Amino acid sequence: MCKKTMIANSGDIQITQCNNCKMINVWKPGLLLSFSFSQFYEFTKVAKQLNFDKFFEYSPDGNRVVILSTPFPDICLKFTSAELHDFVHAIDEAMYMHKVYELVHN
């Protein structure tokens, strides 16, 4: 049984990890993404390079959004500028806390 530890919380995004199964979960309303620790490292590299002003497009409702691919080709995430800011803040916090937990538990 997984014991999830909250490692980041920003806006409507929470990130948890389980040291037993070595998984990180990104919780976003209506969506849960699960990554191995190494997959999460790779995903964060891509997410942090997403420049809203350079890559925005208009969604069907007319809002400016950016699209972030996931490791699953048919599933993408969309973010407004504020949501992207919260997301990047959450993954920065999660990476920091993940490293802290790694030092403590290893």
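1. Ring pairs join F35, F40, F43, F79 and F87 into a cluster. Rings of Phe, Tyr and Trp (its six-membered ring) pair if their centres lie within 6.5 Å; planes under 30 degrees apart count as stacked, over 60 as edge-to-face and the rest as tilted. By this rule there are six aromatic pairs. The rings of F35 and F43 have centres 4.8 Å apart and planes at 25°, so this pair is stacked. The rings of F79 and F87 also have centres 4.8 Å apart, but their planes are at 35°, so this pair is tilted.

2. The model is predicted: local features need pLDDT of at least 70, side-chain atom pairs count only at pLDDT 80 or more, and totals for chains, interfaces and linings use all residues. Residues are numbered from 1 along each chain as its sequence is written, and side-chain values use heavy atoms, with hydrogens and water left out.

3. F35 is buried at 1%, F43 is buried at 5%, and both F79 and F87 are buried.

4. The largest nonpolar core has 25 residues, of which I15, V26, F40, L68, F79 and F87 touch the most other members. A nonpolar core is a set of buried Ala, Val, Leu, Ile, Met, Phe, Trp, Tyr and Cys residues joined through side-chain atoms within 4.5 Å. At least two residues of this core come from each of β1 (5-10), β2 (13-18), β3 (23-28), β4 (31-36), α1 (37-48), β6 (64-69), β7 (76-79) and α3. Helices (H or I, at least four residues) and strands (E, at least two) are DSSP runs, numbered from the N terminus. Helix α3 gives the most to this core, with seven residues.

5. Helix α3 covers residues 81-105, which is 25 residues. From its first C-alpha to its last, α3 reaches 36 Å, close to the 36 Å expected at 1.5 Å a residue; the expected span is 1.5 Å times one less than the number of residues. Which residues of α3 are buried? They are L84, F87, V88, A90, I91, A94, M95 and H98. An α-helix has 3.6 residues a turn, so residues three or four places apart point the same way.

6. V26 touches I13, Q14, I15, L31, L32, L33, F35, F40 and F87, not counting residues up to four places away in sequence. Contact means heavy atoms within 4.5 Å.

7. T44 lies in helix α1 and is buried, with a relative accessible area of 5%. Apart from neighbours within four places in sequence, T44 is in contact with I91 and M95. The side chain of T44 also reaches the backbone oxygen of Y41 at 2.7 Å. A polar contact is a pair of N or O atoms within 3.5 Å; within protein, one must be able to donate a hydrogen and the other to accept it, and residues adjacent in sequence count only if both atoms are side-chain atoms.

8. Q39 is in helix α1 as well, and at 39% relative accessibility Q39 counts as partly exposed. The side chain of Q39 reaches the backbone nitrogen of S36 at 2.8 Å.

9. S59 sits in the loop between β5 (57-58) and β6. S59 is buried, at 12% relative accessible area, and the side chains of S59 and D61 make a polar contact at 2.3 Å.

How values were computed:
Buried < 20%, exposed > 50% of the residue type's maximum accessible area, 1.4 Å probe, protein only.
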